[in-house]
Amino acid sequence: MALLQISEPGQSAAPHQHKLAVGIDLGTTNSLVATVRSGLSSVLIDDDGHALLPSVVRYLPDGDIDVGYSAQAAQSQDPANTIISAKRFMGRGLKDIDVSLQPYHFVDNNNEMLQIETRAGIKSPIEVSAEILKALKNRAEKSLGGELVGAVITVPAYFDDAQRQATKDAARLAGLNVLRLLNEPTAAAVAYGLDNAAEGTYVIYDLGGGTFDISVLKLSKGVFEVLATNGDSALGGDDFDRRIFCWILEQSKCKPVNAQDTRLLLTKAREAKEWLTDHASAQITSILSTGEVVNVSLSTKQFNELTQTLVAKTLAPTKKALRDASLDIEDIKGVVLVGGATRMPQIRLAVADFFKQSPLTNLDPDKIVALGAAIQANTLAGNKSGADLLLLDVIPLSLGLETMGGLVEKIIPRNATLPIARAQEFTTFKDGQTAMSIHVLQGERELVSDCRSLARFELRGIPPMVAGAARIRVTFTVDADGLLSVSAREIASNVEANIVVKPSYGLSEEQILAMLKSGFSAAEADKQARALAEAKVDAESLLEAIKNALQQDGHLLSLNEIKTIREKIDALQANIHAGAGDANSNAIIRATEALNAATENFAARRMDASVSRALAGKNLENLNL
Amino acid sequence: MPSTNYFELFKLPQTFSLDVAILESNYRKIQSESHPDRFVTASPAEKLASMQTATTANEAYQTLKSPGLRAAYLLSLQGVTAIDEKNNQMPADFLMQQMEWREAIEDAENASDVSTLENLLEEIGIAGKSLQESLKNQFQHNHLSEATDSTRKLIFMDKVRADILKSIEKLD
């Protein structure tokens with residue numbers, strides 16, 4: 001069946017063909033994928049016309065994985081196997097998160113990244129996020145009709161190294177080539193800035209489902225220079241839902257509720273929050289699994305009071321960012337609102353009040369990040385774009401090393417423009433010392449215990465010398481993705497020291513390879529199952545056709561010929577009905593081919609006979625040739 | 001890699017007073033050409049070269065943009081180490097001034113008095129501006145030992161400013 005020859009993806013591409021690249025906003029609550037087509041950035045929709053993909057992954061009883069709306073709809077029936085807001089767990093240990101209200105069976109991993117026990121086995125947040133990315137990748141490849149060259153994936157600007165690395169690992173598991181990790185507010189600035197030909201100093205206020213970022217950028221002739229960024233990687237719209245949830249329980253004097261009811265009421269809380277954007281009060285009604293009835297009314301005023309501390313929590317990082325950029329409120333030309341949570345009127349009021357100007361809301365706060373990421377992806381992939389776009393971003397949190405007494409010495413300060421490299425020299429403490437351990441931390445605080453541990457390095461192979469004679473230069477490099485790498489060299493002897501990296505959070509290279517491999521073998525098993533099913537279908541339709549043909553035109557064959565065909569039919573049937581373990585698509589295909597070959601003459605004779613039959617009794621004029 | 005002269009990199013005269021607008025525009029020009037974003041699909045060798053150039057440009061830009069660091073860099077080009085852990089001699093009156101500032105910061109922090117801290121920040125800012133004026137002259141006339149004194153003072157003042165900002169942040 002070599003009639004349709006379809007070339008390998010990518011190989012047939014003409015030299016200057018448009019390369020397929022997308023921008024992906026991997027959000028806490030919703031995710032999106034966008035691309036640039038005919039010079040315009042647009043969000044890609046699914047078959048049902050949805051632009052948003054709820055960031056919800058459900059592991060189904062039959063082994064399938066459901067992502068998006070259908071998974072979201074099932075969340076209160078099956079909370080333990082339906083993972084929402086996995087982004088909050090990326091690069092985090094169990095001690096970093098508030099496990100109350102979480103219906104999952106967490107697996108404590110001794111200070112490593114937490115995991116969740118599901119019916120499909122133990123899953124890390126990276127694997128959950130990879131499912132969301134796969135769904136978006138499929139949507140994009142279907143919609144664009146080809147394989148993607150790569151993707152720009154956005155992350156909160158305030159994500160630390162572990163969270164960024166986890167995001168990149170998730171993309172790798174999803175089979176995506178990451179062109180760049182891009183900070184969400186920077187992506188939003190690109191979309192806004194290009195759309196409005198904006199020049200000057202702008203603030204991006206980005207309150208998403210689970211993260212808050214504030215970035216101050218200078219926009220000038222296609223250059224987007226981040227002056228300062230700040231935020232809270234554990235503050236978002238989800239927290240407003242929780243405030244309402246607690247209020248509901250308090251008002252209706254409910255007992256502590258089970259996981260299903262928690263999800264149910266959190267969903268009701270979210271709906272009430274959204275309703276209050278355009279209405280003065282929201283009625284919240286629900287019947288719990290215990291039969292208790294919840295029926296309360298929440299006014300805008302009450303909602304504002306419940307959440308005013310959350311709103312205030314966004315203003316402290318805002319002040320810090322302005323101070324780091326050495327700017328006053330009067331210097332800010334505009335404030336762009338990003339993230340669904342900025343639809344809340346109390347947020348808009350607080351921002352307007354703080355900056356003494358109305359925020360800019362002319363781009364959809366849900367889509368602006370994905371649109372900006374798509375523009376950057378298009379540029380990075382090498383497609384010619386009208387604007388000569390350049391993004392100069394910064395590292396959000398300082399990088400430092402543990403020194404004597406549990407203190408942190410800063411090596412790279414926050415808000416330094418990327419890429420950046422800094423070297424630090426160390427020496428040995430004892431005579432003949434050949435190894436030393438170095439602890440890398442990220443954060444602004446002075447004590448090791450208050451900062452995030454990124455990695456511990458062991459430098460080995462230092463030539464033995466007297467104490468203090470060795471000079472080991474350790475270089476820290478942070479690339480344009482905001483990711484750290486370390487190299488070390490003993491200067492006197494020019495010996496490159498071995499570095500053993502043990503990421504404090506996140507996955508080791510071996511773990512990733514193991515996941516890729518298991519993903520691959522699962523895919524391989526799926527492929528084999530599909531091939532077997534297809535081979536059986538083909539074989540059965542051939543058998544059916546031949547049986548019919550024998551019944552109709554058996555007289556065209558000799559007894560011997562019939563016998564041969566019968567043998568081939570039996571062989572094929574034996575192969576089809578082989579036990580589950582022995583079933584082999586190749587054997588079926590071979591038997592099918594053998595039967596096909598044995599019936600070739602028969603088919604030819606039948607063709608002749610049918611032509612003669614059709615022609616019988618007709619003259620040439622009546623023939624439609 | 002031979003060490004790059006930061007002034008040459010940005011096509012600027014090797015002086016203390018510099019045109020910040022030219023510095024900015026030339027920095028952006030270099031980044032437009034060398035930033036890793038321009039080499040996402042390039043070979044590993046090109047990627048590495050881009051990373052090195054972009055990193056150097058960032059370092060050079062930050063150094064020249066800050067008056068204290070710029071002065072120290074100018075001195076280093078003349079073989080003078082302004083900031084040396086073994087030799088940080090300061091005139092007695094400046095040491096007194098520094099101690100006064102530090103005490104004022106501590107008092108204001110204990111009293112949670114942000115406005116005093118902000119006033120201090122401004123006061124030091126003004127003192128820094130006048131030091132920069134002196135530095136222009138000192139470098140112009142090649143008075144290196146005076147320039148070294150001024151540079152040390154300026155860098156110490158930057159540290160005090162950073163401490164004040166940290167205190168304000170704590171109180172926020």
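Student: Cys246(A): buried, partly exposed or exposed?
Tutor: Cys246(A) is partly exposed, at a relative accessible area of 43%. Buried means under 20%, exposed over 50%, and partly exposed in between, with a 1.4 Å probe and protein chains only. This is a predicted model, where local features need pLDDT of at least 70, side-chain atom pairs count only at pLDDT 80 or more, and totals for chains, interfaces and linings use all residues. Residues are numbered from 1 along each chain as its sequence is written, chains are lettered from A and ligands numbered from 1 in the order written, and side-chain values use heavy atoms, leaving out hydrogens and water.

Student: And where does Cys451(A) fall, buried or exposed?
Tutor: Cys451(A) is buried, with a relative accessible area of 11%.

Student: How many disulfides over all chains?
Tutor: The search of the whole structure finds 0, a disulfide being a pair of cysteine sulfur atoms within 2.5 Å.

Student: Switching to helix α2 of chain A. What should its residues span?
Tutor: Residues 125-144 make 20 residues, so at 1.5 Å a residue the span should be 28 Å, and the end C-alpha atoms are 28 Å apart, which agrees. The expected span is 1.5 Å times one less than the number of residues.

Student: How many residues of α2(A) are buried?
Tutor: 15 of its 20, which leaves α2(A) mostly covered. Just after α2(A), Gly145(A) takes a positive phi of about 70°.

Student: How many helices and strands in chain A?
Tutor: Chain A has 13 helices and 28 strands. These are DSSP runs numbered from the N terminus: helices H or I with at least four residues, strands E with at least two. Of the 625 residues of chain A, 50% count as buried.
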